[in-house]
Amino acid sequence: MKSGMVYFVGAGPGDIDLITVKGKQALQEADVVIFDRLINPFLLTAVRDDAKLIYCGKQPCKHTLRQEDIQKEILIHARKGKTVVRLKGGDPAVFGRVGEEVELLAEHRIAYEIIPGITAGIAATMYSGVPITHRKHSNSFAVVTGHGSKDDGTPNVEWGPLAKGVETIVFYMGVKHLRTITTELIKNGKEKDTAALVVQWGTYSKQRTVEGSLATIANKVKQANITNPAIIVVGDVAKLRSKLAWFDNKQLSGRGVLIPSKTEMNQQLVKSLKVNGADVYEHNLLTQVENIGSEQVNQITQLSKEQQLVFLSTQSVYTFLRALGENDLDLRKIESPIYAIDNAVKATLQMLGIQSSLASICELQSPVLIGGDVEIESMRLEYPKWKEELVLTKHKVSQKDIEAFNRLIEEQHVNTLLVTSSKEAIQLVTFLKLSGIEKDSVINTLNVVCRGIETSLILEAAKIPVKRFREGENIMTVIREEETVLAVES
Ligand code: SAH
């Protein structure tokens, strides 16, 4: 049996792209992924369809997975020879208990690697406009836990040396004890007017920052109702935020946008949403399974001259030709005239030496549509009267996509569902149907915005109320005008 391997992977602080290349590769290889609450759930879409996902946060009707249970899970799967990824927020070694988890593996002689991540204390600080070190303002920094092992949870640190010896101090898990922290620092020698700031949900679009001094920050944070996850930064370097802030206060700050597929077509749109400060998740909700059978291909070759073959996508052309080849069939045996649904498909056919006409389906007498299930489904809505079709590819939903979708919504990382085409609308509706996700959980929490009348008709037929944006209308404005900004309470 192959021996197991465990990767401890730092998922980064939140922004979906702040994971290392090496960390992402490990995720893609994993058989089992054991993940924490504070990771960006969209990272789960990178895992294989058949990977097992284990959540360590609060499960429905259960408690958080205890540390012993997490370690047990890692061990069980590694011993079965699996590749296990233990995915942790930020960096695994910064208040991430990696030491304890690794110790157990070392005892059991199980191979492991630790892949560092970007820790919240440095990243969230920088995203609030504050470099953690600065030649003039900060020659040293310390990361300190704000949650200690004392009975009341207050941190057990040596306040004197910390207050006097370190210029910039970053507290993790400290919001609850902020008042104790500021009082102790002042008592032990830090000036009352030392700058302090608190950053919540750092590096996400919904990041919030509260600025003040050691004397004022606790009250300000309470007023702003900031809760975990947040870091506290103490040190005069924090004053630089007023000059250097670069991330927050963009046009679309506080907006999380979910698009139900990833396509070339949306590249420009996605880029401008991101540049303007939104978190954008292009979520391919459906996984494709090729399933063309030899019987079906045979049938096609026996169609008559009176029937017209209509290719619905370039991919359907390739899949069809491959299936012909695999079944020892010859395209020249097909007598039916060939049509393409659009110019791109026509060009693909032409490149392969196949002449076709552009199809206007309603004018064809007996079209046979060739394409994937989603393409065919969307055509059916437009042209209900055709009878024959060849479904080349089918789709299914996978656990990782359901998990990522649910968590993005539950943990309030998205507030807008942006559906940019009728095909995407069908994908979304199919996904909800196949996954069993209650439509209400989506429409009660998200604003649905869509492009094009057809798209809105499909969504409305599935009882998903939409706000449509018209050609020429700026999607940015539509999303900005949405009333709900992401809630930031944890
Ligand atoms: N290993 C993680 C820290 C885990 S402890 C890391 O290296 O970042 C959890 C604490 O990290 C939270 O209570 C909070 O203080 C901090 N934290 C994690 N993600 C954060 C974020 N996006 N913004 C602000 N603080 C964050």
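Predicted model: local features only at pLDDT ≥ 70, side-chain atom pairs only at ≥ 80, totals over all residues.
Val317 is found in helix α11, where helices (H or I, at least four residues) and strands (E, at least two) are DSSP runs numbered from the N terminus. With a relative accessible area of 0%, Val317 is buried; buried means under 20% relative accessible area, exposed over 50%, and partly exposed in between (1.4 Å probe, protein chains only). Not counting residues up to four places away in sequence, Val317 touches Phe311, Val345, Thr348, Leu349 and Leu352, contact being defined as heavy atoms within 4.5 Å.

Residues are numbered from 1 along each chain as its sequence is written, and side-chain values use heavy atoms, with hydrogens and water left out.

Thr455 is placed in helix α17 (residues 453–461). Leaving aside neighbours within four places in sequence, Thr455 is in contact with Val419, Ser421, Ser422, Ala425 and Cys450.

**Domains**

The protein chain is assigned domain 1 (5–118), domain 2 (122–244), domain 3 (256–286 + 397–488) and domain 4 (288–396); such bounds come from an automatic or database domain assignment. The C-alpha centres of domain 1 and domain 2 lie 28 Å apart. Ten residues of domain 1 are in contact with twelve residues of domain 2. Between them the two domains bury about 830 Å², 70% of it on carbon and sulfur atoms; buried area is the accessible area (1.4 Å probe) that two parts lose on being put together, summed over both. On the side of domain 1 that touches domain 2, the residues divide into seven nonpolar, two polar and one charged. Here Ala, Val, Leu, Ile, Met, Phe, Trp, Tyr, Cys and Pro count as nonpolar, Asp, Glu, Lys and Arg as charged, and the others, Gly among them, as polar. The count of salt bridges between domain 1 and domain 2 is zero.

**Salt bridges**

The structure holds 21 salt bridges, each being a side-chain nitrogen of Lys or Arg within 4 Å of a carboxyl oxygen of Asp or Glu.

| Pair | Distance |
|---|---|
| Lys22 and Glu113 | 3.7 Å |
| Asp36 and Arg86 | 3.0 Å |
| Asp330 and Arg332 | 2.8 Å |

Both Asp36 and Arg86 are buried. Asp36, Arg86, Lys88 and Glu101 are linked in a network of salt bridges. Lys22 is partly exposed at 48% relative accessibility, and Glu113 is partly exposed at 31%. Asp330 is partly exposed, with a relative accessible area of 28%, whereas Arg332 counts as exposed at 74%.

**Backbone features**

Phi of Thr203 is near 75°, a positive value in a residue other than glycine. Thr203 lies in the loop between β8 (195–200) and β9 (208–213) and is buried, with a relative accessible area of 1%. Asp328 also has a positive phi, near 55°. Its place is in the loop between α11 (314–326) and β15 (338–340), and at 70% relative accessibility Asp328 counts as exposed. The peptide bond from Asn228 to Pro229 is cis, with omega near -5°. Pro229 is placed in the loop between α7 (217–223) and β10 (230–234).
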